Every structure is written in C-alpha cells, then in structure tokens.
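Morning, everyone. Please bring the sequence and the model up on your screens. I will go chain by chain.

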Amino acid sequence: MAANPELRAQVESAIADNPVLLFMKGTPDAPQCGFSMRTVGVLEQVGVEYGAIDVLPMLQPLREVTSEIADWQTFPQLYVKGELVGGCDIVEEMFEAGELADLLGTEQPESAGAASEQSGEESPNRSGGNDGEPYQSPPMQIEN
Amino acid sequence: MAADLTELKEMIEAAIPGAGVEVLDEGGGDHLRAIVSSDRFEGLSRLDQHRMVKAAVAERFEDGTIHALSVQTSTPSSQ
C-alpha cells in the first residue's frame, strides 16, 4: 500500500531538520518497547542531541512511509544526517565498535562495552567531556 | 502462536543459499534472534545485510507470527 503523501512529506522534513532523529515506540522518558529503550540508552550514553518521534499513535502509516523512503519496516529507526543508520541491533553494534561516536562526531564513552548490560543506571561518564545533558525534543505531533 | 524456528531458519537459508543460520527464541515465542553468516554479505552495508534477512521472513512479520527479530550478521571471513 502506498504511504500517505502528506505524512511522507512530514517525515522527510523531520529527517531533514533533525541531524539526529529517532523514531521510537514511546518517548525517551517513557519508552514503550525494550528495543526503543535500548536505543535511547545508547544515545544517552553517547551524549548527543537528538529529536524523537513517538510512532505508536500512527504506527502503520509510519511503517508505510519508512518502507518507501528507507526500505525499513520496524521501529526504532535512527536517522543521522538524513540517512537511516538502522534499528536497535545496528545502533548497539556500531556503538560498541565506536563507529556511532565517529558518525556523530562525539567522544566514545569509556563504558561503551557495558552498553548491553546496563539497566536503569545513570550514565556514569556524563562529566567526561560531554557538553551538558542530551537535548530531547518533544515528540513530533502529526495531525491525522 | 509461537513461531516455528525451524521454518524461519529454512526461509532464511532458502533466501540466502549457503548461509549459516541460527534462529533463537528470546522470549514468548515471538521475540526472536537470527544469527546469519554468509559470503553474500561481503561488501554490503549492515543495513543491506539486515534487509536481506528480514526480507526472507517478511511473511511471518506480516502475519503477526513474529513481533520482533534481532538480527546479527557476519561474513565467514570476519569471524
């Protein structure tokens, strides 16, 4: 089924406007899916500013859009500089390899290896060269 | 309905001939992990490698058998 063209245009401009944009289930403060939570955890550890869009209110229409624009159907999806990076697996793999920090132009946190094990703990290396708390945009509102 | 892990393994093997495939249940029968090793991944981005694996089992996503599939890909030479 073809994606809604208006929604597609909104998604494309959100991707263009946000150098780092996460499509996720729930919000960074209240992720509704373990994979989205893990991806948020990586971004928090990397300490990068990012925008986040909660896909749950429009799951199926957004799936159709991302199928068209990026040939990717599952969420979360991380876009950096307009390009799909991947879902949780790829983001975690790249984080652990230091490739994500390279892509984002940030310092690799020393705790990177513990990314998968960490649960519920605050990122311990916040003071290590990150410039303040990661910025979280409010979820984008897409009108039906 | 729990996914048939053997069927999924066969679907991936059929789509990526010669691949080493392992499909694991990570909880509840619908959160699965596929570990796939193939020469055919050589030169492809991670995204494209994952696309190949997910495309192989797309039917089982669409019918709701699988809720989530973690994918780990590698080439035999990188192991």
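How many helices and strands does chain A have? The secondary structure of chain A comes to five helices and four strands. Helices here are DSSP runs of H or I with at least four residues, strands are runs of E with at least two, and both are numbered from the N terminus. Along the sequence, the pattern in chain A is α-β-α-β-α-β-β-α-α.

Some housekeeping. This is a predicted model, where local features need pLDDT of at least 70 and side-chain atom pairs count only at pLDDT 80 or more, while totals for chains, interfaces and linings use all residues. Residues are numbered from 1 along each chain as its sequence is written, and chains are lettered from A and ligands numbered from 1 in the order in which they are written.

Now, burial. A residue is buried if 20 or more other C-beta atoms lie within 10 Å of its own, exposed if 12 or fewer, and partly exposed in between, with C-beta atoms placed from the backbone. Of the 144 residues in chain A, 34% are buried.

Look at helix α4 of chain A, residues 88-96. Which of its residues are buried? They are Cys88(A), Ile90(A), Val91(A), Glu92(A), Met94(A) and Phe95(A). In chain A, these pack against α2 (34-46), β3 (77-80), β4 (83-86) and α5 (99-104). They also pack against α2 (46-56) of chain B. Contact means two C-beta atoms, placed from the backbone, within 7 Å. Just after α4(A), Gly98(A) has a positive phi of about 80°.

Next, where the chains meet. Chain B gives eight residues to the contact, and chain A gives six. On the chain B side, α2 and β3 (68-74) each give two or more residues. That side divides into three nonpolar, three polar and two charged residues. Ala, Val, Leu, Ile, Met, Phe, Trp, Tyr, Cys and Pro count as nonpolar, Asp, Glu, Lys and Arg as charged, and the others, Gly among them, as polar.

Last stop, the sheet in chain B. It is open, has three strands in the order β1-β2-β3, and its pairing is mixed. Two strands pair if DSSP finds at least two bridges between them. Why do β1 (20-25) and β3 of chain B each have a side without a neighbour in the sheet? They stand at the edges with a single partner strand each, so one side is left without a neighbour. Six bridges join β1(B) to β2(B), residues 31-37, and these two run antiparallel. Gly20(B) stands opposite Ser37(B) in β2(B).
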